[in-house]
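Have a look at the structure first, and then we can go through it piece by piece.

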Amino acid sequence: MLEVLRPTQEPGWVLTHEGYSVLTESAVESRFALGNGFLGMRAARSTGRGPTWVSWLGYIRWASWPRCYVAGLFDMPNTEPPVPALVPVADWSRIRLILDGEPLVAREGEILHGMRRLDMRRGVLLSEWTHRTPAQVTAKGHELRLLSLADRSVGLQLQQIVLDRDDIDVRLEASFGLAGVGMEPVRLENDLGAWRTEGTGKVVAMAGAASLHLDGASADPERPFPLRWIWRWRSKAGQVAQFARLVAVARAERSEEDPAPRAAAALARSTSVGWRAILKAHEAAWDAHWSDSGIVIDGDDDLQRALRFAVYHLTSAANPSDDRVSIGARALTGDAYFGHVFWDTEIYLLPFYTAVWPEAARALLMYRFHTLPGARAKATLGGWRGALYPWESADTGDETTPDSVLGPDGKPIEILTGKMEHHISADVAYAVWQYWRATGDDDFFRDAGAEIILETARFWASRAVAEADGRRHIRHVIGPDEYHEDVDDNAFTNVMARWNIGCALEALDLLRKGWPDRAEALRDKLALDDQELDDWRDAVARIVTGLDPATGLYEQFAGFYGLKQLNVADYVDHALPIDVVIGREQTQSSQVIKQADVVALIALLPQEFLGQGAEINFRHYEPRCAHGSSLSAAMHARVAARLGASDTALRYMRETASLDLDLDPNSAGGVRIAGLGGLWQAAILGIAGLNLAGDTLELDPKLPPQWDTLSFKVWWRGRSVGLSVSRPMLEARLMAGDGMNVTVAGVTQHLTPGSPLRFEL
């Protein structure tokens, strides 16, 4: 067993954390979390920690925050206000080691050595520890844990333990920790349990198998309770105890469904092939994903590691087999935001999946199609037409943003994002269009994507109201800059809305030409007549954008220029966000921006910035941004890279990477998955200048002087293309699929199998 517990030896693939600190432990557990899109598990130590149940008291800090999650398993906890949240399931990795009647606990005795490693190459968590007890017994352990990327219902744990003393009475207990936070047991058998959420009626089943070998000989366990195994033996110094545990999980959406047979079948499947085959298949699946999505940078080891970390978590977060779930703001790595889905998924994550894993991108967009009824209901509730997607959503597509929360003084604070941050409907439509243009997935476009684009356009046309000045205004909104609430004519919102409506008109024309029957059926289904389409064209022509043709500047929202100017640079050394430092009232009255707003518009719709418009707007808004969101720096990096400002782009990329790679206690709530998606965008859409939405595969690289090469692969309309950017050349190779055109810095050539193209830069 010991050979599989050794990490990848090639440099840059393994993240290491040594020692223990209560201040950073929860951040380590997030950073080294495991996932496969269906299951998620934080990297809590399995041996030597006590149970977790005491209430949160502010001045007492959790020493660990173990969590196991199942995607889509939401319920209504007893919170005020009530909002749906991901439900943690049984912690199946904990092991209790009891020596001469005394449990091995980290806080007692002395930890001589403790190390955890995230082996990103293999997708496994590796741990090793040496613990001397108060009785002077020294125990050494090595562990491997994984959530299988080859069989998403399966998890594996291996542990090897050695003691340095003879004749110790050893008791090893392996059990499934309480799976009960708000769930009621409906079935408990020796190797199988099933629990139902109290509010939503979802059911999760978990099956387990465990074994122990002492110096290679199998030991029989006691089985006093379901999903619990106990072994007892007298120690011999140097004797090797090898423990292996398999878990299989299944989820059902309705209480009348029984997922237990699926969990039992997955466990039987796994036990029949054994843990070595499980590990081998998992590693092979990771090999395949790294082949498609890996990024190689020569000349920048730090950002090479950061981009591998980003791709590791992005790969761990998605499940192309389940189009009823999406990816929350912290994926399946922590409790922050309750597992809710935001615009982060479409704007920050979808570009990665569209480029390297189109099947995952399709599933995430189908989640938005399945939740169209909730978006339509929200639009109707606001007095509008079409589909207004919720700012926060869970499994149903209903708005899950709380109306208010209690502030530090106990007084309620109104939350307006769910009521006013409407740009998400355009964000979803944008992701749909980008995916279809990149993949050529006509079935998706015809049967799902077009309807999303049309219904979101209908919302915007009803939202953009004609006024006495002859223009159409979108009032009472919140743009990406959430420091300024209830504003009028936010440039990001309005320009994206106008694009959304124009895109819908184009989509309808494409349907008429390519699938006339579908076009008519969809118009009938949506009751979309010529008069309404004329109104859409009017909206495109008359929506206020905030652009001043004389200066080339977009005003972020109506009245932004009249706010007080504030030197954001004066506050960069503060540990707290600027809105906390200067107060909410001063923040709202100042030209201080939470995150990329107009700058995000430059990234998404560069065609709206003519001539030097992108440069002018970036230079104007960049110094006004306080980066109060983890989404901000990466978007600034992407835009700076396209402008050729390499030093600025790299600085923002390093800032983004540090949010999760540095041990920030605020990472306890989970990794910032959107920031990691933004980091990938900065490298591939920014520095490499990749555009998948054109009529050819397009690139316009701007390689930083510090980098020697940047190599990666992308999928474009059924072809896999390997790309390598160096100075002064770009090479393109067709790895799979038919011949195609590639455009580099405006020059187009035809790429065929076996004949790589080289472009002079």
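## Contacts, cores and strands

Leaving aside its neighbours within four places in sequence, D427 is in contact (heavy atoms within 4.5 Å) with W343, E346, I347, F492 and M496. This is a predicted model, in which local features need pLDDT of at least 70 and side-chain atom pairs count only at pLDDT 80 or more, while totals for chains, interfaces and linings use all residues. Residues are numbered from 1 along each chain as its sequence is written, and side-chain values use heavy atoms, with hydrogens and water left out.

D427 sits in helix α9 (residues 424-439); helices (H or I, at least four residues) and strands (E, at least two) are DSSP runs, numbered from the N terminus. With 0% relative accessibility, D427 counts as buried, where buried means under 20% relative accessible area, exposed over 50%, and partly exposed in between (1.4 Å probe, protein chains only).

Next comes N617, which belongs to helix α17 (residues 613-621). Its side chain reaches the backbone oxygen of G552 at 2.8 Å. That is a polar contact: a pair of N or O atoms within 3.5 Å where, within protein, one must be able to donate a hydrogen and the other to accept it, and residues adjacent in sequence count only if both atoms are side-chain atoms. Not counting residues up to four places away in sequence, N617 touches G552, L553, Y554, V598, I602 and F609.

| Residue | Relative accessibility |
|---|---|
| N617 | 0% |
| D427 | 0% |
| C68 | 3% |
| C625 | 5% |

Now for the nonpolar cores, each a set of buried Ala, Val, Leu, Ile, Met, Phe, Trp, Tyr and Cys residues joined through side-chain atoms within 4.5 Å. The largest has 208 residues, and those touching the most other members are W231, Y353, W536, M653, W680, L697 and L710. Helix α11 (residues 491-514) supplies the largest share of this core, 13 residues. A second, separate core of 27 residues includes L126, L144, A194 and A252.

A194 also has a place in the strand pairing, standing opposite A205 in β16. Two strands pair if DSSP finds at least two bridges between them. Strand β15 (residues 192-197) has 5 of its 6 residues buried, so it is largely enclosed by the rest of the structure. On one hand, 6 bridges join β15 to strand β14 (residues 183-189), and the two run antiparallel. Here L192 is the bridge partner of E189, and a hairpin joins β14 to β15 through 2 residues. On the other hand, β15 is antiparallel to strand β16 (residues 203-214), with 5 bridges. That hairpin has 5 residues between its strands, and G201 in the turn has a positive phi of about 75°.

Elsewhere, 4 strands make an open antiparallel sheet in the order β8-β7-β13-β18. Which strands stand at the edges? They are β8 (102-103) and β18 (228-234); each has a single partner strand, so one side of each is left without a neighbour in the sheet. β8 pairs with strand β7 (residues 95-99) over 2 bridges, and P103 in β8 is the bridge partner of I98.
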